[in-house]
Amino acid sequence: MNVRIMKIAFVVYDGMTLLDFAGAFDPVTRLNSMGLIPDLSCTICARTETIRSSEGAVMGQCSTPESLGDYEYVIVPGGDAVRDLMKDPAFLHWIATVPETTTIVGICGGSLLLGAAGLLRTKKATTHPALMPVLAHFAREVSADRIVDEGRIITAGGVTAAIDLGLYLCEKIAGPDVREKIAAQMDYGCYRRT
């Protein structure tokens, strides 16, 4: 029997905000580690094998795929380097050329990267409150909501919204009961649905 594995890519880069990444990565990977979705693969993807977060944490052995087209979800955190990456055509092309079947997610300043890649022109989106004026140049509408789901494009607000976003994705992938199990295991009692 051929079992189809759900693939999720977490995009990382020099200067990303660690909590933007880890806040979503932790609950989503619990789908697998808690045995809730055994056929799930989470891959940390970058343009280089090693990156350094804006806080100085070093991540090595990152996957460096030519394309992100093999993933059902591509999750892009924000960070100090967003302003430079917004002007990097190779990086923007890398995240923009995913198929229509892929859900792409921007967390905090990661929403600006989706915008600069041309993915938000017809979408409502959110980001960190301080970045909303910049997001307004790219999105059809800017929202103060913590999570905005526009179908295959999902965006989340400032840094701590990454945890809410991770739990939101758990529910989207596996349902509310699974989200509740993961939130309870994380002792995340303040989670609220959007």
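Is Glu 66 buried or exposed in this structure? Glu 66 is exposed, because its relative accessible area is 76%, and exposed residues are those over 50%. Please keep in mind throughout that this is a predicted model.

Good morning. I shall begin with the whole protein and then return to single residues.

The protein contains seven helices and ten strands. Its C-alpha trace spans about 40 × 35 × 35 Å along the principal axes. A compact globule of 194 residues would have a radius of gyration near 16 Å, and the protein has 15 Å, so the two agree. Of the 194 residues, 53% count as buried. Consider next the contacts between residues at least 6 apart in sequence: 63% of these join residues at least 24 apart.

Now the surface and the charges.

Let us return to Glu 66. This residue sits in the loop between strand 4, residues 58-59, and strand 5, residues 73-76. Setting aside neighbours within four places in sequence, Glu 66 is in contact with Arg 47 and Trp 94. From Thr 17, Glu 66 is separated by 49 residues in sequence and by 23 Å in space, C-alpha to C-alpha.

The loop between strand 4 and strand 5 also holds Gln 61. Gln 61 is not a glycine, yet its phi is positive, at about 55 degrees. With a relative accessible area of 79%, Gln 61 is exposed.

A second residue other than glycine with a positive phi is Cys 108, where the value is near 55 degrees. Cys 108 lies in the loop between strand 6, residues 103-107, and helix 4, residues 110-116. What is the relative accessible area of Cys 108? The value is 8%, so Cys 108 is buried, the limit for that term being under 20%.

Finally, I turn to helix 6, which covers residues 161-174. Its 14 residues reach 20 Å from the first C-alpha to the last, close to the 20 Å expected at 1.5 Å a residue. How many of the 14 residues of helix 6 are buried? Twelve of them are, and the helix is mostly covered. Among the buried residues are Ile 163, Leu 167 and Cys 170, and also Asp 164 and Glu 171. After helix 6 comes Gly 175, whose phi is positive, near 100 degrees.

Thank you for your attention.

Conventions. Residues are numbered from 1 along each chain as its sequence is written. This is a predicted model: local features need pLDDT of at least 70, side-chain atom pairs count only at pLDDT 80 or more; totals for chains, interfaces and linings use all residues. Side-chain values use heavy atoms; hydrogens and water are left out. Helices (H or I, at least four residues) and strands (E, at least two) are DSSP runs, numbered from the N terminus. The radius of gyration is taken over C-alpha atoms; the globule rule is 2.2 Å times the number of residues to the power 0.38. Buried means under 20% relative accessible area, exposed over 50%, partly exposed in between (1.4 Å probe, protein chains only). Contact means heavy atoms within 4.5 Å. The expected span of a helix is 1.5 Å times one less than its number of residues.
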